[in-house]
Amino acid sequence: MPKGLTASSEQIVVSFTLAESASNTLTTERIDLQLNALDSEVFVVTGVKMDLEPADLRATGGINRSLSFASISKQDVSTSAVGVTLANPSVIATASTVCQAIDTPNNAMAVISQENSIDTPSQLEYVDVIATPDFFVNIFGSDNQSAKTVDGKLYGYRAKASAAVYASLVQSELLSQ
């Protein structure tokens with residue numbers, strides 16, 4: 001248990017699904033956690049699971065690379081200069097798939113597919129703490145022929161924070177954009 005927090009629920013699983021609004025378009029959805037700010041309630045994230053639709057194989061000659069990418073963040077990062085990657089302190093987790101096709105001189109094709117799934121270290125007591133009443137799911141593709149979808153689950157529990165801890169968590173979260 002993080003210092004300054006007292007668990008107020010058992011484990012909770014929040015499920016979500018999000019599809020790109022159009023192919024290769026950053027799409028963000030707000031998911032409400034229904035936290036009670038008057039009671040200084042926060043959500044302690046203990047795990048994340050995202051199933052991301054794979055990037056498209058595009059065999060049109062030469063080298064073709066397509067990408068699907070999804071992330072979970074504590075704030076709306078769609079307009080952030082840092083973006084939706086782990087480089088942004090608001091981003092909790094990411095998942096991506098890359099598909100690369102290379103046409104060889106003898107008209108054969110080599111296909112390279114790579115998937116980066118969630119890799120939460122098992123020895124961590126918790127992944128992150130969400131102090132505001134919601135989180136955001138982000139998805140986008142690059143050079144895909146169809147819109148992609150991500151399905152996932154956010155695991156965690158509600159906790160009550162002391163006044164000082166709650167104030168610092170909220171301030172840190174809002175300033176991390």
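Reader: Which residues does Ser 73 touch, not counting residues up to four places away in sequence?

Author: In this predicted model, Ser 73 touches Ser 90, Val 91, Ile 92, Phe 135, Phe 136 and Asn 138, with residues up to four places away in sequence left out. Ser 73 itself belongs to strand β5, which spans residues 63-73.

Reader: Why is Ser 73 called buried?

Author: The relative accessibility of Ser 73 is 0%. The term buried applies under 20%, so Ser 73 counts as buried.

Reader: What makes the pair formed by the side chain of Ser 73 and the backbone oxygen of Gln 75 a polar contact?

Author: A polar atom of the Ser 73 side chain lies 2.7 Å from the backbone oxygen of Gln 75. The cut-off is 3.5 Å, and the distance of 2.7 Å is within it.

Reader: Where does Asp 56 lie, and why is Asp 56 called buried?

Author: Asp 56 is found in the loop between β4 and β5. Its relative accessible area is 13%; since the limit for buried is under 20%, Asp 56 is classed as buried.

Reader: How many bridges join β10 to β2 and to β4?

Author: β2 and β10 pair over 8 bridges in the antiparallel sense, and Leu 18 has Val 150 in β10 as its bridge partner. Strand β4 (residues 41-52) is joined to β10 by 11 bridges, also antiparallel; there, Glu 41 has Lys 160 as its bridge partner.

Reader: What is the average pLDDT of the chain, and which strand has the lowest mean pLDDT?

Author: The chain averages a pLDDT of 86, and 85% of the residues score at least 70. Among the elements of the chain, the lowest mean, 65, belongs to strand β7 (residues 109-116), and the highest, 96, to strand β2 (residues 12-19). Where pLDDT is low, the predicted coordinates should not be read in detail.

Note on methods: Residues are numbered from 1 along each chain as its sequence is written. This is a predicted model: local features need pLDDT of at least 70, side-chain atom pairs count only at pLDDT 80 or more; totals for chains, interfaces and linings use all residues. Side-chain values use heavy atoms; hydrogens and water are left out. pLDDT is the predictor's confidence in each residue, from 0 to 100. Helices (H or I, at least four residues) and strands (E, at least two) are DSSP runs, numbered from the N terminus. Buried means under 20% relative accessible area, exposed over 50%, partly exposed in between (1.4 Å probe, protein chains only). A polar contact is a pair of N or O atoms within 3.5 Å; within protein, one must be able to donate a hydrogen and the other to accept it, and residues adjacent in sequence count only if both atoms are side-chain atoms. Contact means heavy atoms within 4.5 Å. Two strands pair if DSSP finds at least two bridges between them.
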